[in-house]
Amino acid sequence: MSLKTMNVSLAKPLDIAEGLKFGTADYVVFTVMLSASAFIGVYFGFFAKAKNTTEEYLRGGKKMQTLPIAISLVASQLSGIAIMSVPAETYSFGVNYIFMVVAIIAAVPILIYVIVPVFYENNVSNCYEYLEARFSKLTRQLITATFIMNSCLMLPVFMFIPSLAFSQVTGMNIHQINVIVSSICVFYTMLGGIKAVVWTDVVQGCIMLLSVVLVGVLGVMRTGGLDSVIENASQGGRLSLDFRLDPRIRVTVWNAFFGGLFMWTGHIGLNQSCVQRIVSLPSFGQAKRALIIAGFGMLIIMGFNSCIGIIMFARYYGCDPILAGMVSKPDKMMPFFVQDLMGNMTGMPGLFISCVFSAALSTLSANLNSLSGVIYFDYIRPFIRHTEARANATMKLLIIAMGVYCIVGGFAVQNFSSIIQTVITITGINTGAVVAVFFLGMLYPRANSKVAVSSLVFSVVVMFCLIIKGQMKLKVGHVKYDGLPNSLDHCDAPQFEMIANAIHFNLTTPVTMAPPPATPPLVTGSFESNREFSIFEISFLWYKVVGIFATILWAIPMSYIFKSDPKARPDYKLFTPFVRKFLPANQVTELEELPLRGEQFKENPELHIDITKFKNDTN
């Protein structure tokens, strides 16, 4: 009987801590990881020889090294959301999501050849500086506002996910954990700046790689080998690739790939938390190498992480812990899986929980550091007397304030049903518009400030209305995303003794499922729809793509209405390198615009050479 046609009512799950203990060794491993992160912050805050300047605090004096930056980029993208929710996604909906990871292969060349060269040639430390140079201060302020809004929405989510995992395996209160770990993250980020962020990312990235690989390998072994994993996953429908073009289907190859392409482009190349790392390298050549290494790293570790969800399903094929009532929702499956695999291995559950927290801390610290810089330089510095000491002190206070906000925001996040769906939906409001405005600046010479601002506003309004209407349809039941089916038919197998005992001795209440109605309701589900087409029912994975197209469709006609001043010629360096080849000759630096030297130029800076005179003489 398919779960897609059932009304599911989840009972209260078994307290995992009663059956699967988080032992002393696990607490030691976890404490060592947090202590190492705090120590790095103390070292760079008090003992490292560096100037107390904003350049040092935000860009490490532009002397960072390639490999640490590459690892830091990987660690910042492999958030707690990825560790916990991506396996839950593939566990419930199958392998198609992995094409969102594969999209990094296409995103890296765009970053290397289109976006990052422009930042380096214009020597920007804040990617939003580019928008002011290319368009206007208003454009910069609007895009900066969207970055701050996204950060404020996402920061509590980044921290809540690992707290959820820790609570699942220890029974501790989620919000108590949130307070402790957020405080440590704020501590080392505030003290050490970007150097502390990057070097803690290196430590945390190694922990993440070790943990993800270990969980995957042990999961395959406990399932009976790779052949068993493939067989069980195939029988459960988790390996079926969906190439259908219906935009209402929740996850297909197409919406995962194109949604992923623009997600990676926006998150790595056009988000200050990552751009800040990239431009801290001394040269573009080093930035290029860092992006290539980071791309391979993300592909490997996040691809592996996506496959863990398939392994997890193969392990519980025919005896689903969610249906058994032992786990309340897919986002909690990963810690249950780890405790099942490694609960009897000293220190291993602690290593995995350290992995989840490492992922969250790397993302949180990067966002706190970049967010403090953006808020200070864009919204505080214009109104105060700037000094380096005052700037650093202000940014540190901002980091503390945002840490408090993360703790309070955890109370709202606990009510989300699907974390990854919520995250992609929230960021879908403006991510497409932001990516498109940067592309307009770098690729479309006709675009000007009025075009950029109006396109941004138009796209955000369109996406806001689309998403709000979509959420209303989700709430009333017109859209319902149920996962692929599983069952409890094989719980009598020896490997499921723990789940079978919990059901047999009434330690949990299995999920009760109502029989399907005689007449199927009109609903847009995860894999099909029997309703008339409505754009408000499209998958959330299309939101970024729609946002980009809305921006471009508005911008192109507006560029012929809001024409640029012919005398106002933007610097050719503000365009991506291959676009410069197509610029009119008078838009590229001409001979008479070359700077002159000597006393004559100092006396008359407007002096220029009239080449027509020489042409007439030669004739």
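# Exercises on aromatic pairs and helix packing

Phe 119, Tyr 128, Tyr 130, Phe 147 and Phe 438 form one aromatic cluster. The model is predicted, so that local features need pLDDT of at least 70 and side-chain atom pairs count only at pLDDT 80 or more, while totals for chains, interfaces and linings use all residues. Residues are numbered from 1 along each chain as its sequence is written, and side-chain values use heavy atoms, without hydrogens and water.

## Exercise 1

Classify the ring pair of Tyr 130 and Phe 438, and state where the two residues lie.

**Solution.** 
Step 1. Rings of Phe, Tyr and Trp (its six-membered ring) pair if their centres lie within 6.5 Å; planes under 30 degrees apart count as stacked, over 60 as edge-to-face and the rest as tilted. The structure holds 16 aromatic pairs.
Step 2. In the pair of Tyr 130 and Phe 438 the centres are 6.2 Å apart and the planes stand at 15 degrees, so the pair is stacked.
Step 3. Tyr 130 belongs to helix α8 (residues 127-134) and Phe 438 to helix α19 (residues 431-443), so the pair ties together parts that are 308 residues apart in sequence. Helices here are DSSP runs (H or I, at least four residues), numbered from the N terminus.
Step 4. Residues are buried under 20% relative accessible area, exposed over 50%, and partly exposed in between (1.4 Å probe, protein chains only). Tyr 130 is buried, at 1%, and Phe 438 is buried, at 0%.

## Exercise 2

**Solution.** 
Step 1. Phe 243 sits in the loop between α11 (226-235) and α12 (253-269), and Trp 254 in helix α12, eleven residues apart.
Step 2. Phe 243 is partly exposed, with a relative accessible area of 46%; Trp 254 is partly exposed as well, with 32%.

## Exercise 3

Describe the place of Phe 119 in the largest nonpolar core.

**Solution.** 
Step 1. A nonpolar core is a set of buried Ala, Val, Leu, Ile, Met, Phe, Trp, Tyr and Cys residues joined through side-chain atoms within 4.5 Å.
Step 2. The largest such core has 157 residues, and Phe 119 and Phe 438 have the most contacts inside it. Its largest share, 15 residues, comes from helix α16 (residues 348-380).
Step 3. Contact means heavy atoms within 4.5 Å. Beyond residues up to four places away in sequence, Phe 119 touches, among others, Tyr 130, Gly 269, Phe 438 and Met 442.

## Exercise 4

Describe how helix α7 packs against α12.

**Solution.** 
Step 1. Axes are lines fitted to C-alpha atoms, for helices over the stretch in contact, with angles from 0 to 180 degrees between N-to-C directions. The axes of α7 (residues 104-121) and α12 come within 9 Å and cross at roughly 35 degrees.
Step 2. The crossing is right-handed, meaning that the near helix is turned clockwise from the far one by less than a right angle.
Step 3. Residues of α7 in this contact include Ile 110, Leu 111 and Phe 119; among those of α12 are Phe 257, Trp 264 and Gly 269.
Step 4. By class, the contact of α7 with α12 has eleven nonpolar, two polar and no charged residues. Ala, Val, Leu, Ile, Met, Phe, Trp, Tyr, Cys and Pro count as nonpolar, Asp, Glu, Lys and Arg as charged, and the others, Gly among them, as polar.
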